[in-house]
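Thanks for coming. I'll keep this short and go through some charged pairs, then the core, then confidence.

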Amino acid sequence: MQPQELIANKSGGFLFKKSVFLLTSSVGKVMAEKLVSNAVRHIGSTIETLAQKDISRLAVTLEPALREFVGYDKASKLASALRVLVGGSSGVQSEIKK
Amino acid sequence: MSVGQNSSSQWKTWRLAVAAILVASQIAALAMGSSQQTAASLVMLASIGGVCIAAALLCWRSARSFDKGQDARRVWMLIMLMPIADLIVQIGYSLPGLLGNRESEQLTLPIANASSSLSRILAAAAFFMMFRVYKKTGLRLNLRPVDYVAMVSVILIGIASIVLSDRVTGMIAGNDDSLRRMLLLTGVPLVVALIPCAVFGVMIWRYAAEMGGGLVAKAWRSILLYTVLWTVRIVYAGVLTFFITDSNSIRRLIVPLMLINWILLTAQYLIFLGASYQYEACTGAIEMEGEMSIMPS
């Protein structure tokens with residue numbers, strides 16, 4: 001495996017982990033892993049090749065599955081948080097408070 | 001780091017506050033004793049009523065967080081009816097005593113019994129719908145031998161509750177045959193709901209365990225514990241009837257009889273807890289693991 005690929009793999013797994021962390025407190029670790037991996041597969045990617053540019057699409061795919069457990073508003077907030085905190089999008093950063 | 005409204009620590013404080021109020025009210029009712037029986041019954045009714053209403057409101061708010069037509073919305077609407085049914089039961093059984101009008105038992109007791117049985121049918125329907133939601137996610141249901149043991153145990157507790165509720169009914173109705181018939185008739189849904197409640201209940205418990213934590217899992221575990229405790233209470237009351245032979249035996253059994261109230265209170269607190277966890281999952285702040293915020297992106 002080329003060094004570039006190694007970085008990509010590490011980054012993919014890393015983004016996957018971050019996405020899971022974000023959802024864990026609501027739906028639990030195993031369910032979060034299941035929902036995120038379903039969404040990753042749905043967008044035609046894999047955990048290894050997942051890139052930051054995919055996070056927005058991942059959030060869109062993940063949102064309906066999350067609605068089943070946490071409702072419309074929270075699923076939407078989690079999707080936004082995913083775009084901001086994992087995808088690095090700056091659109092809704094003002095919603096986040098430390 | 002948190003995004004949104006109330007943090008988990010605020011929710012914890014609320015839950016502890018409700019538990020403290022319930023315990024305090026129960027102790028106050030105990031302190032009033034038989035000398036102020038009406039006041040003690042009112043305190044008991046108010047505390048149970050309060051927690052039932054709070055649980056129903058949280059269920060309703062949680063249900064409204066879901067889209068129309070979503071299974072989860074219907075599930076939480078059905079669960080909302082359970083504490084309401086419990087409140088009707090409590091009012092139905094306390095009201096004749098509080099009003100000093102025993103004749104009204106002919107009306108209030110069958111209504112109370114019917115709502116209680118109906119809430120079991122609702123529980124079975126809610127568990128089945130939630131089972132479908134979990135199944136849709138693709139999360140594997142790994143039933144273990146202990147789960148089958150749990151299913152059989154819950155069914156046995158249910159059968160015991162149905163058999164023993166006949167004794168409780170007999171004690172309540174006394175020589176009134178028509179009231180006894182009405183109570184038995186309104187208890188029929190309990191039999192229908194018994195197996196679906198146990199089977200789907202244990203399946204959801206397993207799914208919740210497989211989720212790996214989280215607020216939704218906590219919500220479902222609390223609701224399922226409530227359902228079991230609700231049945232255990234009937235069994236316990238039924239067992240006690242074997243020891244009640246005269247008014248002296250009631251005085252001797254005052255502590256075991258008080259335990260029925262504590263079981264009821266714990267069950268009501270559990271449904272409140274379940275509803276509050278679900279409401280927190282739907283509206284609470286987004287909590288993130290500390291590890292995540294230090295990870296480079």
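In this predicted model, Lys136(B) and Glu68(A) form a salt bridge through their side chains, at 3.2 Å from N to O. Because Lys136(B) sits in helix α4 (residues 105-137) of chain B and Glu68(A) in helix α3 of chain A, the pair joins two chains. Lys136(B) is exposed, at 59% relative accessibility, whereas Glu68(A) is buried, at 14%.

Over all chains there are 11 salt bridges. Another one stays within chain B: Arg144(B) pairs with Glu210(B), with the closest N and O atoms 3.4 Å apart. These two are 66 residues apart, Arg144(B) being in the loop between α4 and α5, and Glu210(B) in helix α7 (residues 188-210) of chain B. Arg144(B) is partly exposed, at 42% relative accessible area, and Glu210(B) is buried, at 15%. Both belong to a salt-bridge network that also includes Asp147(B) and Arg206(B).

Now the core. The largest nonpolar core has 96 residues, and among those touching the most other members are Phe69(A), Val27(A) and Trp220(B). Helix α3 (residues 55-86) of chain A gives the largest share, 15 residues. Phe69(A) touches residues of chain A, including Val27(A) and Met31(A), and residues of chain B, including Phe66(B), Tyr134(B) and Met211(B).

Last, confidence. Chain B has a mean pLDDT of 84, and 94% of its residues reach 70 or more. Residues 293-297 of chain B fall below 50, although that stretch has nine contacts in the model beyond near neighbours in sequence. Where pLDDT is low, the predicted coordinates should not be read in detail.

Terms used:
Residues numbered from 1 in each chain as written. Chains lettered and ligands numbered in written order. Predicted model: local features only at pLDDT ≥ 70, side-chain atom pairs only at ≥ 80, totals over all residues. Heavy atoms only, no water. Core = buried A, V, L, I, M, F, W, Y, C linked by side-chain atoms within 4.5 Å. Buried < 20%, exposed > 50% of the residue type's maximum accessible area, 1.4 Å probe, protein only. Helix = DSSP H or I, 4+ residues; strand = E, 2+ residues; numbered from the N terminus. Contact = heavy atoms within 4.5 Å. pLDDT = per-residue confidence, 0-100. Salt bridge = Lys/Arg side-chain N within 4 Å of Asp/Glu carboxyl O. Lists of a residue's contacts leave out its neighbours within four places in sequence.
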